[in-house]
Amino acid sequence: MTSVVSNPSDEAARSEKVRNMGVPGGLFRAAMDEIKQSHTVGQSLRAAFVLSGVFTDKLLYAELLCQFAHVTKVFEGLLMESAAFPDLKGMYSFSSSYEADLRSLVGPEASASLVRGPTLAYADLLLSHSQAPHSRESLLAAAVILWGPLVIGGGAVMAPRVKKSYGPGCVGVFEAVTGPGRADRQRAFVDFVDGAAAGVDKDKVVELCGVYMDHNNRIMAAVERRPKWLRYLGAGAAAAAVAAAAAVVVARLAARRR
């Protein structure tokens, strides 16, 4: 799940600070540099969701959450089946928390119906990469892109807003990344990524971080829910922002396939 939107200049400074937690010339910094442009697109999408009412429309939040729940469950299943990265397996597991939050929001049957086509395609991509020669690289890149926003991004900032909007039963996914020791958790995650570089094709991990970040944006853009009040604004700022950001995401994905 991605972080809540903030002032662009503050976000840029925060992103640079996070990036610089990695060692110079290391894998973590290279990955952050690779996703920098996609992260900017993601910020536009997150701004659109806030304008659309992600903290006031429970179904909108649930649909957005569901997309990340689905791909994270696939990734974590692949990680547990793999012999690679035993230390990474012990760090986090968000799938059950995602599912518990969705049960509180809309129930298990309803959440299953919210998974969109681009999310299924993303999951299929993770599955196909797990069978490829670069399966270790895929797992590490997926951890950076699917866990990173929660662990080192804005998960701790988003949690109180979600709790205020939808209640304490809907913030399980943030429990492991909030509270005392957050700086230590962030440091441990960044150090793991840099340390893992010795056993992988670094360039491939960086490439896949870019691919998966683009897919993160694409599944956000695929959310169909729009609050009822938006129709009275015509296209509206939120709708226009979603459409513009989605167009950039599709163009970037097409360019990568060429």
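Modeller: Let's start with Q67, which sits in helix 4, residues 58-81. Helices here are DSSP runs of H or I with at least four residues, strands are runs of E with at least two, and both are numbered from the N terminus. Please keep in mind that this is a predicted model, in which local features need pLDDT of at least 70 and side-chain atom pairs count only at pLDDT 80 or more, while totals for chains, interfaces and linings use all residues. Residues are numbered from 1 along each chain as its sequence is written, and side-chain values use heavy atoms, with hydrogens and water left out.

Is Q67 buried or exposed? Q67 counts as buried because its relative accessible area is 0%; buried means under 20%, exposed means over 50%, and partly exposed is in between, with a 1.4 Å probe and protein chains only. Another is the backbone oxygen of L114, 2.8 Å from a polar side-chain atom of Q67.

Setting aside residues up to four places away in sequence, Q67 touches L114, V115, R116, T119, I219 and V223, where contact means heavy atoms within 4.5 Å. S111 is 44 residues from Q67 in sequence, yet the two C-alpha atoms are 9.6 Å apart in space.

Further along helix 4 we find L78. With 13% relative accessibility, L78 is buried too. Its contacts beyond four places in sequence are L126, L127, S130 and L139. For L78 and L139, a separation of 61 residues in sequence goes with a C-alpha to C-alpha distance of 7.8 Å.

Two of those partners, L126 and S130, bring us to the packing of helix 8 against helix 9, where Y122, L126, H129 and S130 meet S135, S138, A142, I145 and L146. Two packed helices are described by the angle between their axes and the distance between the axes. For helix 8 (residues 117-130) and helix 9 (residues 135-151), the axes come within 8 Å and cross at roughly 145°; axes are lines fitted to C-alpha atoms, for helices over the stretch in contact, and angles run from 0 to 180 degrees between N-to-C directions.

Which residue of helix 12, residues 202-221, deserves a look next? That would be N216. N216 is buried because its relative accessible area is 1%, and it is in contact with F68, Y122, I145 and L146, leaving aside neighbours within four places in sequence. A polar atom of the N216 side chain lies 3.3 Å from the backbone oxygen of I145.

Back towards helix 4, the loop between helix 4 and helix 5 holds F85. Although F85 is not a glycine, its phi is positive, at about 55°. With a relative accessible area of 7%, F85 is buried. In the following loop, between helix 5 (86-89) and helix 6, lies G90, which is exposed at 66% relative accessibility. S95, in helix 6 (residues 95-105), is buried at 11% and touches T72, K73 and E76, not counting residues up to four places away.

To close, here is the whole chain. The protein has 13 helices and 0 strands, and 52% of its 258 residues count as buried. Among contacts with a separation of 6 or more, 83% join residues 24 or more positions apart.

Definitions and conventions
A polar contact is a pair of N or O atoms within 3.5 Å; within protein, one must be able to donate a hydrogen and the other to accept it, and residues adjacent in sequence count only if both atoms are side-chain atoms.
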